[in-house]
Amino acid sequence: MSALPNPILTVPNPPPRQGKRGRFHWLLVGVAVLFSTVFLVLPLVNVFVQALSAGLGPYWRALVDPDTLSAIRLTLMIAVITVPLNAVFGVAASWAIAKFEFRGRTFLLSLIDLPFSISPVVAGILFVLLFGANGLLGHWLEVHHIKIIFALPGMVFATIFVTFPYVARELIPIMRSQGREQEEAALTLGANGWETFWHVTLPSIKWGLFYGIVLCNARAMGEFGAVAVVSGHIAGLTDTLPLRVEKLYNEFDPVAPFAVATLLALLAVVTMVLKAALEWKTRHEQ
């Protein structure tokens with residue numbers, strides 16, 4: 001007579017201890033909220049309060065000032081040039097680093113991170129030493145009547161330098177996590193490199209690419225240090241929005257600098273909303 005199998009005894013897991021862990025959790029949340037309120041929310045609110053302190057009339061006049069409108073146009077122009085170039089570079093660099101093995105791969109990754117470790121002001125000085133009148137290429141540029149420093153090209157170069165890691169650094173982890181199996185399968189089925197990228201790689205990185213472009217655009221439109229060095233601060237010609245804010249503030253205008261700063265503040269808010277939306281979209285598609 002065979003023995004009956006012993007029943008499997010299951011011991012219920014003890015309930016998690018909520019006391020100290022719960023209090024510590026809420027303490028961390030409270031510290032984070034307090035820090036964000038003091039250093040982020042209150043300054044942002046104060047910008048709008050100061051901008052509207054004299055009413056809508058002075059606020060609107062500060063925004064439609066010819067020099068301010070010129071700064072808006074120049075800021076948008078720099079972003080329109082810089083962001084697509086960085087997007088192309090970021091996609092190409094991240095695809096090469098994540099999908100291929102080649103000599104110099106680590107060096108390329110270090111170059112992408114270089115703007116994170118160099119002060120924007122130092123980057124601007126490097127461009128002056130390279131393209132300025134007394135710089136390495138200054139004499140050649142002057143002979144050929146090419147103006148880079150204190151003109152739009154220099155401002156674009158400086159902005160590209162400080163912003164080009166954003167797209168690449170967003171896409172490299174995504175492409176690494178996806179591996180190379182899908183691309184290799186497409187190539188095996190007869191697709192060429194462009195078809196593989198367009199129909200296989202790009203759809204899987206589209207939200208990460210959009211996220212990187214949003215961050216790149218926000219930094220391009222808000223960059224101050226590098227652009228300040230190479231721009232020359234010429235009102236109506238080489239002033240971007242951040243430079244315009246500084247100039248108005250130094251003139252002790254009680255409304256105009258805050259009015260112009262609200263445009264950059266709104267850009268920050270839009271960027272934050274888009275960032276949250278893209279993160280939500282990415283989580284729900286995984």
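Predicted model: local features only at pLDDT ≥ 70, side-chain atom pairs only at ≥ 80, totals over all residues.

Student: Okay, which domains does the chain have?

Tutor: The domain assignment gives domain 1 (22-51) and domain 2 (63-285). Their centres, taken over C-alpha atoms, are 29 Å apart. Five residues from domain 1 and nine residues from domain 2 make the contact.

Student: How do I read the interface, and what area is buried between domain 1 and domain 2?

Tutor: Look at the area and at the kind of atoms that give it. Here about 570 Å² is buried between domain 1 and domain 2, and carbon and sulfur atoms give 86% of that. On the domain 1 side, V47, F48 and A51 supply 64% of the area buried against domain 2, more than any other three residues. Across this interface the rule finds zero salt bridges, and zero residue pairs in polar contact with both at pLDDT 80 or more.

Student: Next, the nonpolar cores. Which residues have the most contacts inside the largest one?

Tutor: A nonpolar core is a set of buried residues joined through side-chain atoms. The largest one here has 25 residues, and those with the most contacts inside it are I112, F127, F131, I149, M155, F161 and V230. Two or more residues come from each of α3 (66-99), α4 (105-117), α5 (120-131), α7 (152-163), α8 (165-178) and α11 (225-231). Of these, α7 gives the most, with five residues. Another core, of 13 residues, lies apart from it; A51, A62, V245 and A261 are among them.

Student: Can we zoom in on M155? What does M155 touch?

Tutor: Leaving out residues up to four places away in sequence, M155 touches L74, I78, V227, V230, S231, T238 and T240.

Student: And where is T240?

Tutor: T240 is in the loop between α11 and α12 (241-250). Buried means under 20% relative accessible area, so T240, at 4%, counts as buried. Beyond its neighbours within four places in sequence, T240 is in contact with A71, L74, T75, I78, M155, E223 and V227.

Student: Last one: what should I make of phi?

Tutor: Most residues other than glycine have a negative phi. In this model, phi of H145 is near 55 degrees, a positive value, and phi of F252 is near 60 degrees, also positive.

Student: Are H145 and F252 buried or exposed?

Tutor: H145, in the loop between α6 (138-143) and α7, is exposed at 76% relative accessible area. F252, in the loop between α12 and α13 (256-285), is exposed at 73%.

Key. Residues numbered from 1 in each chain as written. Heavy atoms only, no water. Core = buried A, V, L, I, M, F, W, Y, C linked by side-chain atoms within 4.5 Å. Buried < 20%, exposed > 50% of the residue type's maximum accessible area, 1.4 Å probe, protein only. Helix = DSSP H or I, 4+ residues; strand = E, 2+ residues; numbered from the N terminus. Contact = heavy atoms within 4.5 Å. Domains from an automatic or database assignment. Buried area = accessible area lost by both parts, 1.4 Å probe. Salt bridge = Lys/Arg side-chain N within 4 Å of Asp/Glu carboxyl O. Polar contact = N/O pair within 3.5 Å; in protein donor to acceptor, adjacent residues only side chain to side chain.
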